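I opened the notebook to record what I looked up, one topic at a time.

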Amino acid sequence: MDHARLADLLFPNVTRTPEDIEALYPPRQLPEGAKVTRFAPSPTGFVHFGGLFPTTIGERLAHQSGGVFYLRIEDTDAKREVEGAAEGLIRTLEHYGIHFDEGAVIGEDGKICDRGIYGPYRQSQRGPIYHVYAKQLVALGKAYPVFTTKEELEAMNAVDKKAEIKAKDWHEDQTAQREAMLRAREITIEEVEKNLAEGNPFVLRILADGDPEKKVPFTDLIKGKLEIPENDEDFVLLKSDGIPTYHFAHAVDDHLMGTTHVIRGEEWLPSLAKHIMLFRYLGFRMPKYMHIAQIMRLDENGNKKKLSKRDMGANMDDYSRMGYAPACVCEYIMTLLNSNYEEWHMQNPDKPYTDFPFNIKKMSNSGCLFDFDKLNDVSKNVISRMSAEEVTALVTAWAKEYDPAFGEQLAKDPAFTTAIFAIGRGGKKPRKDLATWADAKPYMGFFFDPAQTDAYPEQFSSEDIKAALVGFLGGYDPADEMNAWFDKIKAVAREIGYADDMKAYKADPSAFRGSIADVSMFLRVAVTGKLNAPDLYTVMQILGKDETVRRVQSMIDRL
RNA sequence: GGCCCGUUGGUCAAGCGGUUAAGACACCGCCCUUUCACGGCGGUAACAGCAGUUCGAUUCUGCUACGGGUCACCA
């Protein structure tokens with residue numbers, strides 16, 4: 001077989017050499033130790049939690065080391081591509097504070113364009129580059145074409161390959177595949193010419209020289225020392241439309257773009273042998289790899305499953321809908337990423353997570369379960385540290401989108417809303433009422449509208465309650481300091497036979513009709529409509545005299 | 001089914017041959033408290049199993065079990 005001739009036959013239009021291409025991609029001028037990482041999504045949908053995870057690692061590693069973090073769009077499968085997905089991906093990532101130094105970006109016209117000199121950053125636009133390397137491999141005798149007729153191709157596209165194999169016996173299928181592969185290798189130059197003349201499409205397959213009995217040592221930055229069986233599968237390099245497969249594009253792009261660290265899910269581990277082979281054939285130096293464990297979820301049977309796109313809690317846009325602040329989600333991700341993050345954060349409560357010295361060694365090598373309880377806890381802490389102004393702005397923005405009527409109320413008087421969120425905020429022990437913005441309404445919605453009123457517990461008579469409320473109204477003076485205000489409530493309690501001192505009440509409950517706690521509750525329900533609410537004195541202060549009196553009077557009227 | 005990866009409490013996890021096996025979340029109890037939220041104190045709860053190496057294994061090795069992943073002209 002004349003490989004050079006075959007190469008010319010297969011790629012008549014490719015005139016450049018790999019050297020020509022290399023010249024276009026000069027080595028990056030970066031400080032010692034700087035890492036170059038990338039996020040390389042296929043534009044087939046939204047960003048999901050399992051994707052944000054490795055992305056955050058890449059971003060941290062690059063920016064922490066003074067390196068480059070870039071975005072490359074792996075749009076090599078036109079069939080699966082979703083219109084507008086790439087733009088959505090970029091916007092979502094931006095929302096979570098992930099910024100790219102280079103790569104595909106959204107231009108001023110809202111369309112995707114390239115920024116940086118290592119592009120193009122969309123694989124669909126890199127066809128000619130891949131073909132140069134493909135031609136080289138053919139010329140070297142390391143790749144060969146496999147032709148199919150158009151009819152065969154259509155038939156292949158029609159069946160679900162994976163389902164088909166699943167139905168078959170694995171062993172039988174693999175033996176058949178192996179035989180077909182060996183046969184395909186024997187193609188002659190005459191057959192190639194004939195097929196080409198007939199216009200039959202071909203895929204380019206690698207000629208694998210590996211022996212799976214032999215293991216090659218490989219060090220993964222997370223998994224540690226691994227033993228990878230050599231690849232003996234003639235996997236596809238170029239599909240029949242001339243577009244590369246992931247494997248081929250990965251080798252060419254990450255080499256040319258100067259990626260130093262590839263961060264990807266551990267589902268890629270089984271194809272690592274292919275990549276090792278490809279880098280060797282191409283004469284490229286391999287980047288370092290980090291294969292990270294998948295985020296898991298629990299299925300109906302209580303078994304762990306990879307968190308995939310369709311799952312609850314997978315779509316990052318769902319978090320926005322649920323009212324999780326990006327800062328909270330990022331914080332949660334950091335706790336999962338590095339086990340010592342929480343400790344660091346407790347010691348540095350005011351520093352942004354980007355100050356945390358992220359360490360690869362501290363990463364877990366087994367898959368963790370997504371835990372909403374933990375997310376909520378982290379989230380409450382993050383929000384409790386925000387200023388009232390910040391909370392007001394974020395809750396209002398969220399509500400305007402997901403609960404417009406409530407959003408209107410919040411926006412009507414920002415000073416009023418801010419005063420509400422200032423309750424118990426600041427200081428050493430801030431309130432932690434909010435895990436999501438959606439928690440705001442049940443927490444403080446009564447300020448705007450005590451629509452639903454909790455019922456008074458049955459053991460209290462309407463007469464007692466009414467007497468307490470009337471008594472309160474009689475002495476109510478909004479100018480009172482908190483102590484004076486509470487003393488008056490105590491006085492009311494005494495008048496109606498309720499204990500004004502909890503110790504006395506607890507010592508002998510039977511001596512009283514109830515306690516000051518109950519009287520406070522009568523008032524709380526009247527004013528807030530709720531059995532539980534933030535500090536009542538402050539609530540009344542914010543509500544103002546007129547509204548407070550109106551609400552208490554309204555309750556009296558209803559009793 | 002072959003290959004690969006993994007396995008410390010309900011969850012996330014420290015631990016790198018000798019520890020009373022951290023801590024966080026969740027849960028329970030007590031305290032603080034006019035409710036709630038916060039905070040404080042305490043509690044329940046774990047090295048998948050079996051061999052081997054060793055004076056000594058959670059830690060090293062092997063096997064088994066279980067879980068996960070992968071085996072496309074998808075990434």
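**RNA contacts**

I looked up polar contacts to the RNA, and found a polar backbone atom of Lys432 at 2.8 Å from a sugar or linking oxygen of RNA strand B. A polar contact is a pair of N or O atoms within 3.5 Å; within protein, one must be able to donate a hydrogen and the other to accept it, and residues adjacent in sequence count only if both atoms are side-chain atoms.

I note that this is a predicted model, in which local features need pLDDT of at least 70 and side-chain atom pairs count only at pLDDT 80 or more, while totals for chains, interfaces and linings use all residues. Residues are numbered from 1 along each chain as written, chains are lettered from A and ligands numbered from 1 in the order written, and side-chain values use heavy atoms, without hydrogens and water.

I listed two further contacts to a sugar or linking oxygen of RNA strand B. An N or O atom in the side chain of Glu266 is 3.4 Å from such an oxygen, and a polar side-chain atom of Ser42 lies 3.5 Å from one.

**Surroundings of the strand**

I asked which residues come nearest to RNA strand B. Of the atoms of RNA strand B within 4 Å of the protein, 66% belong to sugar and phosphate.

I then sorted the surface near RNA strand B by class, which gave 27 charged, 25 nonpolar and 13 polar residues. Asp, Glu, Lys and Arg count as charged, Ala, Val, Leu, Ile, Met, Phe, Trp, Tyr, Cys and Pro as nonpolar, and the others, Gly among them, as polar.

**Rings**

I searched the whole structure for aromatic pairs and got 35. Rings of Phe, Tyr and Trp (its six-membered ring) pair if their centres lie within 6.5 Å; planes under 30 degrees apart are stacked, over 60 edge-to-face, the rest tilted. One of the pairs is Phe11 with Phe202, edge-to-face at 6.5 Å centre to centre and 80 degrees between the planes. Phe11 is in the loop between helix H1 (3-10) and helix H2 (18-24) and Phe202 is in strand S6 (residues 202-206), so the pair ties together parts 191 residues apart in sequence (helices, H or I of at least four residues, and strands, E of at least two, are DSSP runs numbered from the N terminus).

I also noted one aromatic cluster, formed by Phe49, Tyr319, Tyr324, Tyr332, Phe370 and Phe372.

Key: A residue is near a molecule or strand if one of its heavy atoms lies within 4 Å of it.
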